[in-house]
Amino acid sequence: MYKLIIVDDEEEIRDGLSDLIDWAGLGFTVVKKLQDGGEAIRYLEEHEADAVLTDIKMTFASGIDLARHIHTRKLPLKVVILSGFQEFALAREAIRYNVVHYLTKPTDLDEVAAVFRSIKTELDEEKREREEAQLQSQHIKMLKPLLMEQFFFNLLSGGAFSQSPGELKDRLAHMGLPADPAEGRCCLLSVAWTGAASREQDGRRSEERRAISVAIAKEQEQIHYTCVHLESGRFLIIGHALAPLPALEFQKRVERHFLHNQGALLSLLGVSIRLEQLQVYASLLEMLEEYRRPAAETEDEPQREEPAVADKERERIIIRQAKQYIAEHFEMELTLADVSRHVGLNPVYFSRLFKQETGKTYSDYCTDIRMNKAMDYLKDPKYKVYEVGFLVGYKNTKYFHKLFKRQTGLTPSEYRDRL
């Protein structure tokens, strides 16, 4: 049922129009009867309606005032005006405000019914168009990650898209990326993923692969990310800044977004994604030129500084990943092999890299984390001293006390007493 309000300063006319017409049969329900255009305006500020049947002349605010308000506010209502013969000039003015029909008094109820049958048809058609537009919008939204992936896959392969920068900019805009390929920082992340899907049927594997795409192919902090699959278990992530960003800020945002996705995918899908390489470029064009360059050509060139810098930054990201993993699992029996496996490095190389980046051995770093957390627990009287060791990952209470005293110069009990 469409919602109708009736506005007339004569109660008999309001009631007659409401009671003598089979509104339900016409597809309408009268939600309000009002005696003035001002009341109708106030009502519409707080309530929705689909149609208005109003007298043209009323004591305070006229039907023209009401139609003007609806037109100015762009309210999606159909307005029908009742007017006397002598008010024809006013009725013509109402046309300026998109009044769909005007009826002369005395009112012919059959004519009113015919007008509202016509309005019902219009409303049905508009509703159908809105629903189709909404479905199309949802369809496009669902397809966009797929279209983006295919578009950038072709870009990277140098296949169908060898456009000039201007043509490429137009294509990006068409894909919903209003970015200049010659400006705006760009990054390329080589990522590997493993999880339950790799041991299950192809259908589930495809579903999980698509989940990864949806999780990563989106805009985050003014950077649009696109996931491009290369082969089973490996894909690229292209990050393209939609606004100018300093190099360091751009890199921090990329790292933050990757770490967020890494944790989310692991907890929600049981899928582990591991960063193999991160490279930052001044623009999308620079990235494409570098990526498309034939392998033989790059082998002949002397080693440049940029790859070394990129490798260094990748190592720093790996250590940040390791620190985050330790912070989230310190209460477990967390071995060096566990953490190195999580970040995808050989344990020996990881141990050396961790010491180089943090200035501490893996064991000392974990001990520091656990002892600092133990001190936090000891500040809270609800935890017993003997419980704290278990809470920070030590099943052997004596060993925990020994480490705590070595770290702080006090036993846990002495530390709490000092507090």
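Tutor: A residue counts as buried when its relative accessible area is under 20%, and as exposed when that area is over 50%. The model discussed here is a predicted one.

Student: Is Cys186 buried or exposed?
Tutor: The cut-off for burial is a relative accessible area under 20%. Cys186 has a relative accessible area of 0%, so Cys186 is buried.

Student: How many disulfides does the structure hold?
Tutor: A disulfide is called for a pair of cysteine sulfur atoms within 2.5 Å. For Cys186, the nearest cysteine sulfur belongs to Cys187 and is 6.1 Å away, and Cys186 is in no disulfide. Cys187 is likewise in no disulfide, its nearest cysteine sulfur being that of Cys186. Over the whole structure, the number of disulfides found is zero.

Student: What is the class of Cys187 by relative accessibility?
Tutor: The limit for burial is again 20%. Cys187 has 0% relative accessibility and therefore counts as buried.

Student: How many aromatic pairs does the structure hold?
Tutor: Rings pair if their centres lie within 6.5 Å. By this criterion, the number of aromatic pairs in the structure is 13.

Student: Are the rings of Tyr2 and Phe28 stacked, tilted or edge-to-face?
Tutor: Planes under 30 degrees apart count as stacked and those over 60 as edge-to-face. The ring centres of Tyr2 and Phe28 are 5.9 Å apart and the planes stand at 45°, so the pair is tilted.

Student: How many residues apart in sequence are the parts that this pair of Tyr2 and Phe28 ties together?
Tutor: Tyr2 belongs to strand β1 (residues 2-7), whereas Phe28 belongs to strand β2 (residues 28-34). Tyr2 is buried at 11% relative accessibility, and Phe28 is buried with a relative accessible area of 1%. The pair therefore ties together parts whose separation in sequence is 26 residues.

Student: Which geometry do the rings of Trp23 and Phe28 adopt?
Tutor: Trp23 counts as buried at 4% relative accessibility. The centres of the Trp23 and Phe28 rings are 6.4 Å apart and their planes are at 80°, so the pair is edge-to-face.

Student: Over the ring of which residue does the charged end of Arg370 sit?
Tutor: The ring in question belongs to a residue of the aromatic cluster that includes Tyr399, Phe400, Phe404 and Tyr415. The charged end of Arg370 lies 5.4 Å from the centre of that ring, which is the ring of Tyr394.

Key: Residues are numbered from 1 along each chain as its sequence is written. This is a predicted model: local features need pLDDT of at least 70, side-chain atom pairs count only at pLDDT 80 or more; totals for chains, interfaces and linings use all residues. Side-chain values use heavy atoms; hydrogens and water are left out. Rings of Phe, Tyr and Trp (its six-membered ring) pair if their centres lie within 6.5 Å; planes under 30 degrees apart count as stacked, over 60 as edge-to-face and the rest as tilted. Helices (H or I, at least four residues) and strands (E, at least two) are DSSP runs, numbered from the N terminus. Buried means under 20% relative accessible area, exposed over 50%, partly exposed in between (1.4 Å probe, protein chains only). A charge sits over a ring if NZ of Lys or CZ of Arg is within 6 Å of the ring centre and within 35 degrees of the ring normal.
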